[in-house]
Amino acid sequence: FAENIVGAGTVEAAGGALGLRLDAHPWRIVVEQGADDDLTHAGWDLGSSAALDDYVAALRSRGATVREEPAALAQARCVERLFSAADPNGVTHEFFCGRTGLTNDGGALSPILRGDGFVTGDLGIGHILPVSRDYAEGVAWYQDVLGLRYSDRIRQEMAPGIFADATFFHSATGRHHSLATGSFPSPKRLNHLMLEYRDMTDVGLACDRAKKAGIPIVLELGHHPNDQMFSFYMRTPSGFGLELGHGGVVIEDGNWEPQLYDVMSDWGHTRNMNM
């Protein structure tokens, strides 16, 4: 799935786990054997040891229970220092500095890609949308405790009196959202993960590959009004969604005006099944 549909590189990570490569990092996603079959951890790079210390102190001042992880786990994560805190939705957030094991091979990506790979760098891998057990609590934790910045919100009436509602947050580096959350029925903790291609053609080619391989398409090709992402969604082997897209907005905080949208997609994204 990672190599032949998505186009990622793969490598064996610590403990025999599967590392998915998107760029020069030793891996950007690690897949471990476990009972969850779901998102369990999300990592945040603070850049420097001093920034990490300041951030951990701020988390604690905002009421988060933060622990410093042992050196063995930091080594397995390919970082120099590692702290963690759990959110209200069952995801452990890890905060680190000093990424190790960087390479110059561009991620050894799959040759099926047409373009120059994935949009990562300081913007990170893309975004995640964990489902909040309590929507207000989840939004408050991600904004007021984790310290993410409010981007915007979409509240769409799907049927009379029934709304789909999601709130979007960005980090200091500005990808329109690195994390979003909503509250709706979901068999998984993670509604979806998004990866962004540098070349729009790779979105269409990936959609064709997925259909040819019989992979369930959740949302057909379409476009979001808030982050301007052209994308489609498919179901991963673990059951949550994977959005593959191109053209996402990067926010400059001084010039950004958050909006409330009333549609999740301004065209396309025809739904075939629920995530």
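**Reading pockets, strands, a helix and salt bridges**

Reply: The second largest pocket holds about 710 Å³ of space, and please keep in mind that this is a predicted model.

Me: What classes of residue make up the lining of the second largest pocket?

Reply: The lining of the second largest pocket has 13 nonpolar, 12 polar and four charged residues.

Me: How should I read the strands, and in what order do the four strands of the open sheet stand?

Reply: In a regular strand the side chains alternate between the two faces of the sheet. In this structure, four strands form an open sheet with mixed pairing, in the order β4-β7-β6-β5. β4 (41-45) and β5 (67-68) each have a single partner strand and stand at the edges, so one side of each is left without a neighbour in the sheet. Strands β6 (residues 79-86) and β7 (residues 92-99) run antiparallel and are joined by seven bridges, and the bridge partner of valine 79 in β7 is arginine 99.

Me: How many bridges pair strand β1 with strand β2?

Reply: Strand β1 (residues 9-12) pairs with strand β2 (residues 18-21) over four bridges, in the antiparallel sense, and valine 11 has glycine 19 as its bridge partner in β2. Their hairpin has five residues between the strands, and glycine 15 takes a positive phi near 70° there. β2 also pairs with strand β3 (residues 29-31), again in the antiparallel sense, over three bridges, where leucine 18 has valine 31 as its bridge partner.

Me: Which residues of helix α4 are buried?

Reply: In helix α4 (residues 135-145), the buried residues are Tyr135, Gly138, Val139, Trp141, Tyr142 and Val145. At the start of α4, a side-chain oxygen of aspartate 134 comes to within 3.2 Å of the backbone nitrogen of alanine 136, while just after α4, glycine 147 takes a positive phi of about 90°.

Me: What is the idea behind a salt bridge, and how many salt bridges does the count come to?

Reply: Side chains of opposite charge can pair when their charged atoms come close. The count here comes to 12 salt bridges. One of them joins aspartate 23 to arginine 28, with the closest N and O atoms 2.9 Å apart, and both aspartate 23 and arginine 28 are buried.

Me: Which parts does the salt bridge of arginine 149 and aspartate 253 tie together?

Reply: Arginine 149 and aspartate 253 form a salt bridge whose closest N and O atoms are 2.6 Å apart. Arginine 149 lies in strand β9 and aspartate 253 in the loop between β15 (241-246) and β16 (260-261), so the pair ties together parts that are 104 residues apart in sequence. Arginine 149 is partly exposed, with a relative accessible area of 37%, and aspartate 253 is partly exposed too, at 36% relative accessibility.

Methods. Residues numbered from 1 in each chain as written. Predicted model: local features only at pLDDT ≥ 70, side-chain atom pairs only at ≥ 80, totals over all residues. Heavy atoms only, no water. Buried < 20%, exposed > 50% of the residue type's maximum accessible area, 1.4 Å probe, protein only. Helix = DSSP H or I, 4+ residues; strand = E, 2+ residues; numbered from the N terminus. Polar contact = N/O pair within 3.5 Å; in protein donor to acceptor, adjacent residues only side chain to side chain. Pairing = 2+ DSSP bridges. 1 Å grid on protein atoms, 1.4 Å probe; cavity = no way out; pocket = protein on both sides within 12 Å on 5 of 7 lines; lining within 4 Å. Points joined across faces, edges and corners; volume = space filled by probe spheres on them. Nonpolar A, V, L, I, M, F, W, Y, C, P; charged D, E, K, R; others polar. Salt bridge = Lys/Arg side-chain N within 4 Å of Asp/Glu carboxyl O.
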